[in-house]
Amino acid sequence: MTAPHNALVLMGGGARTAYQVGVLDGIAEVIGERHPGNPFPILVGTSAGAINAAMLAGYAGAWREGVASMRRFWGELDSSRVYEVDRLHVALGGFRWLALLALGWLIRSRPRSLLDKSPLTETLERAIRFDDVERAIRDGDLKALAITAFSYSGGRNWTYYQAAQPLLSRIHHERRNERQTITVNHLLASSAIPFVFAAEPLWTGERQEFFGDGSMRQTDPLSPAIHLGAKKILVVGVGYHGDARYRSDNAYPSLGAVAGHSLASVFYSALDADIDQATRITQAVQMLPPEVRKAFPFQPVDILSIMPSASINQLAEEHAASFPRPIWHLLKALGGTRGAGAALTSYLLFEQPFIQALIDLGRKDALAKRAELEAFFFTPANDR
């Protein structure tokens with residue numbers, strides 16, 4: 001009862017990806033019992049979106065149970081389960097970076113990250129059913145799980161995918177593809193926000209390289225889903241366009257504001273362009289005569305995107321006080337809790353007031369697209 005050519009693409013953004021939980025909860029309500037199987041046999045995730053994708057993959061044979069499990073996971077999450085929040089760890093991380101900036105020529109042991117994400121390993125190992133991903137592929141409930149990470153060693157993106165057989169060519173433009181069993185290490189690598197979290201080593205098939213957040217230099221986020229055979233793609237982003245100008249003023253930007261804008265460019269710059277390009281190609285292909293279309297190297301793809309309808313930065317600023325105090329003091333010192341700097345808070349605020357606000361927003365935005373979702377799931381591909 002699966003729809004073999006449907007793909008779900010989940011973009012990244014740290015704590016912002018709680019928004020995707022609400023969207024998926026809304027989708028489950030919209031399709032109800034009319035689609036009893038797995039609606040997304042192709043799952044593609046980047047950064048924290050890779051974590052959500054892997055969680056769903058472990059429940060591919062019981063999709064609604066997977067959505068419920070994801071909601072429980074995010075409903076119990078807090079910052080201490082993602083990174084160290086005690087005063088000693090936070091102070092050491094902040095001090096080392098400040099010392100490196102001020103006295104770099106004296107520092108022998110250079111810091112690897114601002115925050116220590118050691119707790120995330122245990123959190124993910126408990127929450128994600130990695131063994132069940134292979135079972136779902138074997139049983140036909142899942143075609144592929146793909147996650148993207150960026151190699152600091154090689155300067156390019158890698159898409160690691162788990163599937164029953166090779167589905168992607170190893171080299172695709174600037175991206176490399178590698179079929180491997182997805183593990184917690186792949187997720188840690190894909191979600192390692194630059195500067196904030198340390199890089200992770202992964203095997204490329206030839207050597208070990210160090211990887212960070214998959215959103216870096218990701219110019220074609222829809223490409224893995226398309227090349228895995230998707231004819232319909234539902235993409236859930238977590239960026240709000242108005243946030244680029246949220247409470248901007250003429251004052252000199254704080255470090256937090258600069259960091260927030262830098263991360264926004266990492267996470268969101270390519271998605272809209274890729275959707276527009278895929279849509280234009282689809283429209284062009286559909287204008288071709290059927291006999292020409294069959295021989296054409298491009299195939300039409302239906303794309304539906306769901307993005308936040310309200311400012312995530314504003315939500316983050318409203319709930320910044322829920323941070324553990326050491327983290328709040330660190331970000332406040334960087335100017336990362338108010339105004340334009342609230343963008344930095346939005347990636348790191350894994351606390352329930354913010355998470356629940358994002359989930360509620362995601363559910364509202366999904367239900368607002370009920371008609372489009374029904375067309376997506378219950379209309380044959382490319383016929384709309």
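This is a predicted model: local features need pLDDT of at least 70, side-chain atom pairs count only at pLDDT 80 or more; totals for chains, interfaces and linings use all residues.

Residues are numbered from 1 along each chain as its sequence is written, and side-chain values use heavy atoms, with hydrogens and water left out.

Helices (H or I, at least four residues) and strands (E, at least two) are DSSP runs, numbered from the N terminus. In helix H1 (residues 18-31), 12 of the 14 residues are buried, so the helix is largely enclosed by the rest of the structure; buried means under 20% relative accessible area with a 1.4 Å probe, protein chains only. Among these buried residues are Tyr-19, Leu-24 and Ile-31. Gly-32, which follows H1, has a positive phi near 50 degrees.

Strand E3 (residues 144-151) has 8 of its 8 residues buried. Strands pair if DSSP finds at least two bridges between them. E3 runs parallel to strand E2 (residues 42-46), joined by 5 bridges, and Val-44 has Ala-146 as its bridge partner. With strand E4 (residues 156-163), E3 runs antiparallel over 8 bridges, and Thr-148 stands opposite Thr-159.

The axes of helix H15 (residues 352-368) and helix H16 (residues 370-378) come within 5 Å and cross at roughly 70 degrees; these axes are lines fitted to C-alpha atoms over the stretch in contact, with angles from 0 to 180 degrees between N-to-C directions. H15 is therefore roughly perpendicular to H16, a term covering 65 to 115 degrees.

Key. Angles under 35 degrees count as roughly parallel, over 145 as roughly antiparallel, 65 to 115 as roughly perpendicular and the rest as oblique. Buried means under 20% relative accessible area, exposed over 50%, partly exposed in between (1.4 Å probe, protein chains only).
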